[in-house]
Amino acid sequence: MNPRIKLAVQKSGRLNEKSLRILRRAGITFDGNSGNLILSSPDFPIDLMLLRSCDIPKYVNNGICDLGIVGDNVLQEELASNRAMTLQTRKKLGFGNCRLSLAVPVDEPFSGISDFQNRKIATSYPRTLEKYLETQGIRCEIIEISGSVEIAPALGIADAICDLVSTGSTLKSNNLREIKTISESEAVLIQSNIFREPEILAEKAAIISRLLERIDGVMRAERTKYIMMNAPANKIDEIKSLIPGMEAPTIIPLGGSRSDQVAIQAVAKEDVFWDTMQALKQIGASSILVVPIEKIII
Ligand code: PRT
């Protein structure tokens, strides 16, 4: 039997679609529908297990799944709750970005973290908060709430909250203001240190490294752009210095009445923004085209 690996991803919610998208872009699709708990890929030796976010570190830790995609915030909370957990983060995936922050009612004066001494803070991340407060020498009553944490101060349950923030609009609409970020988070690919089937360990490790290579390729392609333009031949060095991460561009002389011009084509290792394009135009570049790259393997 050919070995397959098991990857746990969120069943539904903020990380589900983006987790499936990165796999799709890596050429890995799944049969079945999202009502199933296990989906199998016809293109790659991998099966998906669809789980609640908070369960993913446990399934990976005990080796039921080889890999998992979860928010670093959930991983850190699980690691802080269970010191016996040994998981490795193989890759930061660059989506699901948010921060875990402390917030207080907008009309509440706040002079520093010591204001929290002996106060009540509501959160869904009690262990992470407890760990942070310990480092600050603050003792608080931590009220654990599993959802809608932001209404706790208005209900008189807590003086402040510690919750995930991305745009900040939820805090604003609940008359709260963010006063301190205690950690940053994004989706991460985690791996088990427990091998349930030691006889196929090497085969599984090879599948995981092929998967990581494809994910790297997708992430690199997402950051990278292909840029083309015409430009004065005597401006090539200036152009190189303007384009982020541009290496060894292809330079083709233009013929006829435009012999002082060249066509430039290059890979830029970072996104090319509008102000860079405007700066290129200012030094004489024209017909500037920036196009996405589908896949890269170096
Ligand atoms: O449903 P499940 O049990 O699987 O988990 P869940 O309820 O935690 O799922 P979900 O989909 O809400 O969150 C999954 C992961 O997405 C989180 O663990 C984070 O890693 C990540 N993420 C990124 C966020 C946010 N951004 C986010 N903004 N998770 C939650 N929020 C919430 C936050 O709790 C608050 O209520 O969005 C609100 C704030 O958003 P802004 O934009 O108004 O600031």
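The entries below go from the whole chain down to single residues.

**Ground rules**

I am working with a predicted model, where local features need pLDDT of at least 70, side-chain atom pairs count only at pLDDT 80 or more, and totals for chains, interfaces and linings use all residues. Residues are numbered from 1 along each chain as its sequence is written, and side-chain values use heavy atoms, with hydrogens and water left out.

**Whole chain**

I started with the secondary structure and got eight helices and 15 strands. These are DSSP runs numbered from the N terminus: H or I for helices, at least four residues, and E for strands, at least two.

Next I looked up the radius of gyration, which is 25 Å for the chain, while a compact globule of 298 residues would have one near 19 Å. That radius is taken over C-alpha atoms, and the globule rule is 2.2 Å times the number of residues to the power 0.38. Along the principal axes, the C-alpha atoms fill a box of roughly 80 × 60 × 35 Å.

I then checked burial: 45% of the 298 residues count as buried. Buried means under 20% relative accessible area, exposed means over 50%, and partly exposed is in between, with a 1.4 Å probe and protein chains only. The accessible surface comes to about 16,100 Å², and carbon and sulfur atoms hold 49% of that. The areas come from the Shrake-Rupley method with a 1.4 Å probe, and for residues only the protein chains shown count as cover.

Contacts were next on my list (heavy atoms within 4.5 Å). Taking those between residues at least 6 apart in sequence, 70% join residues at least 24 apart.

**Helix 8**

Which residues of helix 8 are buried? I found Thr276, Met277 and Leu280, in a helix that covers residues 274-282. They sit on the same side of helix 8 because they cover an arc of only 100 degrees around the axis. The arc is that of the directions from the helix axis to the C-beta atoms.

On the other side of helix 8 I noted Trp274, Asp275, Gln278, Lys281 and Gln282 as exposed. The buried residues pack against strand 12 (225-232), helix 7 (236-242) and strand 15 (286-292).

I also looked at Ala279, which is in helix 8 and is partly exposed, with a relative accessible area of 23%. Its C-alpha atom is separated by 54 Å from that of Asn62, 217 residues apart along the chain. After helix 8 comes Gly284, with a positive phi near 110 degrees.

**Helix 1**

Buried in helix 1 are Asn16, Ser19, Leu20, Ile22, Leu23 and Arg25. They pack against strand 1, strand 3 (46-51), strand 4 (67-71) and helix 6 (201-223). Helix 1 is followed by Gly27, and its phi is positive too, near 80 degrees.

I stopped at Ser12 as well, in the loop between strand 1 (5-10) and helix 1 (16-25). The C-alpha atoms of Ser12 and Asp66 are separated by 20 Å.

Most residues other than glycine have a negative phi. Which phi does Asn118 have? I read a positive value, near 60 degrees. Asn118 is in the loop between strand 6 (98-105) and strand 7 (120-123), and is exposed with a relative accessible area of 64%.

Asn175 is not a glycine either, and its positive phi is about 55 degrees. I placed Asn175 in the loop between helix 5 (169-173) and strand 10 (176-185), where it counts as exposed at 52% relative accessibility.

**Two last stops**

Thr170 is in helix 5 and counts as partly exposed, at 42% relative accessibility. Thr170 and Ser148 are 22 residues apart in sequence and 9.9 Å apart in space, C-alpha to C-alpha.

Asn97 is in the loop between strand 5 (87-92) and strand 6, partly exposed at 47% relative accessibility. What does Asn97 touch, not counting residues up to four places away in sequence? I listed Ser166, Ser185 and Glu186.
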